[in-house]
Amino acid sequence: MKNLTEFNKSDNIKICYVSCGQNFRRRLSELGLFDGAEIEIIKNDRWGPIIVKIFESKIALGRGEALKVYGNKI
Amino acid sequence: METKSRLLIGLTGNPNVGKSTLFNTLTGARQHVGNWPGKTVEKKEGELNFKGKKIKVVDLPGAYSLTAYTEEETITSDFILKKHPDVIIQVVDAQNLARNLYMTVQLIELGAPLIIALNMVGKPQMKTSLINAKILSQFLNVPVIVVDAREKDSTNNLLNVSLAKIRKVNGSTLKLTYGTEVDEELNQIKRFIGSKESLDKKKLNWLSLKLLEGDYRTEQIITKKPYYFELKQLVDKAKRHLEKIYNQDMNTIMANIRYGFIKGLQKELVIENLHKKTVDITEKIDNLVMNRFLGIPLFLVIILSIFQATFKLSKPMMGWIENFFGSLGQYLTNLLTSVGISKWTISLIVDGIIGGVGGVLVFVPIIAILFLFIVLLEDSGYMARVAYIMDRFMHKIGLHGKAFISLILGFGCNVPGIMATRTLETRKDRLLTILISPFMSCGARLPVYVLFAGAFFSAYQGWIIFSLYVLGIVVAIVLGFIFKKFLIKELSSPFVIELPPYHIPSLNGVLIHIWERVWLFISRAGTLILAFSIIVWALASFPLGVEYGSKASLAGLIGQKVSYVFKPLGFGNWRSSVALMFGFFAKEVIIGTFGTLYGVTDVNTTDYALITALQKDFTPLSAYSFMVFVLLYVPCMAVLAVVKRETNSWKWPLFMIFYTSIVAWTAAFIIYQGGRLIGFS
């Protein structure tokens with residue numbers, strides 16, 4: 001289990017844990033990012049936000065936020 | 001209550017699904033923009049006639065979900081539950097069904113009189129969309145219409161279905177289940193509320209569900225009930241129980257269940273990516289504009305071009321407007337004098353009213369052109385990328401990536417810069433950006449620097465002016481930190497932003513948007529600016545019979561009285577006090593006022609007579625101190641009027657007057673007194 005910033009471009013990931021406050025967690029789950037969801041990393045530069053693909057949309061996620069989302073590579 | 005002779009339709013949906021496009025196609029230019037009562041969220045309404053019926057369409061704020069965690073998010077559910085709309089149209093992106101359906105599920109839970117508008121982009125999608133619409137309609141038990149939001153024909157079809165829907169039963173009869181455990185807890189809550197109050201089944205369902213989810217609005221409702229404490233305990237117990245079973249928190253449990261349902265539904269649908277082409281184009285553009293190294297330079301080039309183009313293009317137009325009002329004033333003066341109307345009345349009409357109206361309209365070209373570019377950036381999808389690119393830097397000073405655009409625009413004119421904060425999503429980001437915007441040295445302050453730097457530092461004019469711009473930025477950053485620390489303690493909004501596929505904005509949508517901004521400015525801020533103008537005029541003209549703005553006028557008298565405040569700053573002469581006072585009207589006026597007060601009629605920045613006059617009253621040090629003061633002190637009244645309009649309260653513009661005055665005085669004091677200490681004069 002690694003946090004999202006540790007994956008590379010085009011990795012497919014199954015989310016297993018989101019460790020953050022209730023409000024941010026529900027914002028993420030509305031977008032489709034919750035425990036058990038499958039996403040793809042679109043862009044992960046070494047700094048700045050990362051971009052993931054959730055369903056058919058691209059979502060940019062602040063680096064600090066991405067650190068709180070854990071998952072496993074499929 | 002709405003009268004039922006007029007139908008009420010609410011438009012809802014996720015961001016970036018074509019909701020605004022549909023709204024524009026439906027209502028055309030007949031839109032009204034205001035605020036939701038007591039909130040800073042914008043409310044858009046439009047009216048149309050269809051088959052002899054008057055229909056009012058309300059554009060609800062774009063959202064991903066109906067569960068509200070903040071006050072602002074309650075708007076959609078409030079609207080559905082309190083205003084009893086005849087139809088709720090959810091615009092759904094045919095390309096991204098799964099995520100869009102999450103909100104659909106919630107709308108069904110709420111019992112909204114729902115129609116789904118399946119928005120597809122381009123013809124190739126037609127076949128699959130039609131098949132999917134049929135399947136969705138069967139499963140969800142609501143009408144699903146395939147539309148192209150840009151085309152009148154398909155929106156007419158949508159309206160036909162809406163009219164038919166009104167005569168039938170409201171809401172979907174689909175019964176959603178959440179699994180044995182959740183259903184059991186829900187039933188317990190339902191039974192409890194049902195025993196205390198007689199509510200219809202639909203409302204009871206919704207209330208129980210939202211309580212379990214911790215919805216803000218519902219919590220607000222039940223805190224007022226006599227059985228609140230008991231109910232709260234029951235809900236908390238249910239939550240704890242479920243969270244223990246699922247080993248997840250309540251939101252995740254519900255999201256999982258809803259998405260589970262959607263996944264099941266998706267298996268029935270035809271998912272076919274016919275839009276590979278746009279995806280490829282988006283991919284290609286993104287590789288360039290979000291490139292690790294090229295992204296920022298490219299953005300800077302774009303923003304600087306916009307900056308240049310806006311001010312280059314609007315300058316001649318502003319000149320025309322100024323000339324027009326100038327000649328109109330001249331013409332009226334002559335006309336009214338010849339009819340024998342008193343000098344005082346003429347002055348009120350010409351200097352006060354016409355001058356004031358001109359002062360409002362002169363901003364129109366700049367706002368229109370600037371918003372043309374902003375709308376293009378926003379509607380094409382680039383703005384979301386800007387937020388991504390700039391976030392790493394802006395994050396360090398505690399601001400949202402998008403705030404950068406507002407601040408850059410502020411260098412041209414603070415008014416559109418502040419208006420552009422609308423593109424920021426949270427109130428906290430908006431407020432913080434607005435509060436530091438006035439320190440971006442606007443174009444109107446530049447002539448003051450040019451004149452003073454030319455008069456006192458001719459060899460280093462460029463560097464002196466540059467130093468002022470830098471000082472403005474530094475002050476903005478420092479104050480940003482202070483405000484964040486002490487004033488706006490709300491948690492910084494997490495950076496989550498959708499990057500929609502690129503597309504070419506529609507001309508219609510762009511024009512409507514620009515017109516909206518211009519009209520908002522004229523109608524809201526404009527009236528305030530006009531009122532201020534008349535006050536300033538009165539100060540300059542009373543008591544009766546004095547020369548306009550002279551030493552004997554009220555303004556002159558006040559100038560003499562307050563000049564001692566500026567003495568420690570090095571410019572205790574009454575003329576600068578009056579000039580600063582009129583600078584509140586518009587910074588452009590400062591030089592003109594000096595001209596009038598020194599009796600130099602033809603004022604331009606290379607005017608020798610004015611420079612000689614200034615050199616008598618200022619030393620190089622006090623001149624620099626004066627420029628710093630002009631840079632930092634109270635922004636012009638147009639800015640304050642816009643701040644009032646954007647924050648929806650007088651508190652913030654008044655606060656702005658307060659802190660800008662303190663900052664300006666302190667900075668000028670440090671520079672003048674400090675300069676004297678180290679031997680400058």
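**View 1. Salt bridge between D249(B) and R25(A) in the predicted model.** D249(B) and R25(A) form a salt bridge, with their closest N and O atoms 3.3 Å apart; the term means a side-chain nitrogen of Lys or Arg within 4 Å of a carboxyl oxygen of Asp or Glu. The pair crosses between chains: D249(B) is in the loop between α9 (228-246) and α10 (250-268) of chain B, and R25(A) is in helix α1 of chain A. Helices (H or I, at least four residues) and strands (E, at least two) are DSSP runs, numbered from the N terminus. This is a predicted model, in which local features need pLDDT of at least 70 and side-chain atom pairs count only at pLDDT 80 or more, while totals for chains, interfaces and linings use all residues. Residues are numbered from 1 along each chain as its sequence is written, chains are lettered from A and ligands numbered from 1 in the order in which they are written, and side-chain values use heavy atoms, with hydrogens and water left out.

**View 2. Salt bridge between R292(B) and D45(A).** The side chains of R292(B) and D45(A) meet at 3.6 Å, N to O. Between chain A and chain B the count is four salt bridges; over all chains, the structure holds 21.

**View 3. The contact between chain A and chain B.** Chain A gives 28 residues to the contact and chain B gives 34, where contact means heavy atoms within 4.5 Å. About 3100 Å² is buried between the two chains, 56% of it on carbon and sulfur atoms. R26(A), E30(A) and K58(A) supply 20% of the area that chain A buries against chain B, more than any other three residues. Buried area is the accessible area (1.4 Å probe) that two parts lose on being put together, summed over both.

**View 4. The side of chain A that touches chain B.** Eleven residue pairs, both members at pLDDT 80 or more, are in polar contact across the interface. A polar contact is a pair of N or O atoms within 3.5 Å; within protein, one must be able to donate a hydrogen and the other to accept it, and residues adjacent in sequence count only if both atoms are side-chain atoms. On chain A, α1 (22-31) and β5 (57-61) each supply at least two residues of the side that touches chain B. α1(A) gives the most to that side, with ten residues.

View 5. Seven strands form an open sheet in the order β1(A)-β6(A)-β2(A)-β3(A)-β4(A)-β5(A)-β8(B), with antiparallel pairing. Its edge strands are β1 (2-3) of chain A and β8 of chain B, each of which pairs on one side only. Two strands pair if DSSP finds at least two bridges between them. β5(A) and β8 (residues 496-499) of chain B run antiparallel and are joined by four bridges. K58(A) stands opposite L499(B) in β8(B).

**View 6. Strand β2(A) and its partners.** Strand β2 (residues 12-18) of chain A runs antiparallel to β6 (residues 69-73) of chain A, with five bridges joining them. I15(A) has G71(A) in β6(A) as its bridge partner, and Y17(A) stands opposite Y70(A) in β6(A). β2(A) also pairs with β3 (residues 38-43) of chain A, in the antiparallel sense over three bridges. Here the bridge partner of K14(A) is E38(A) in β3(A).
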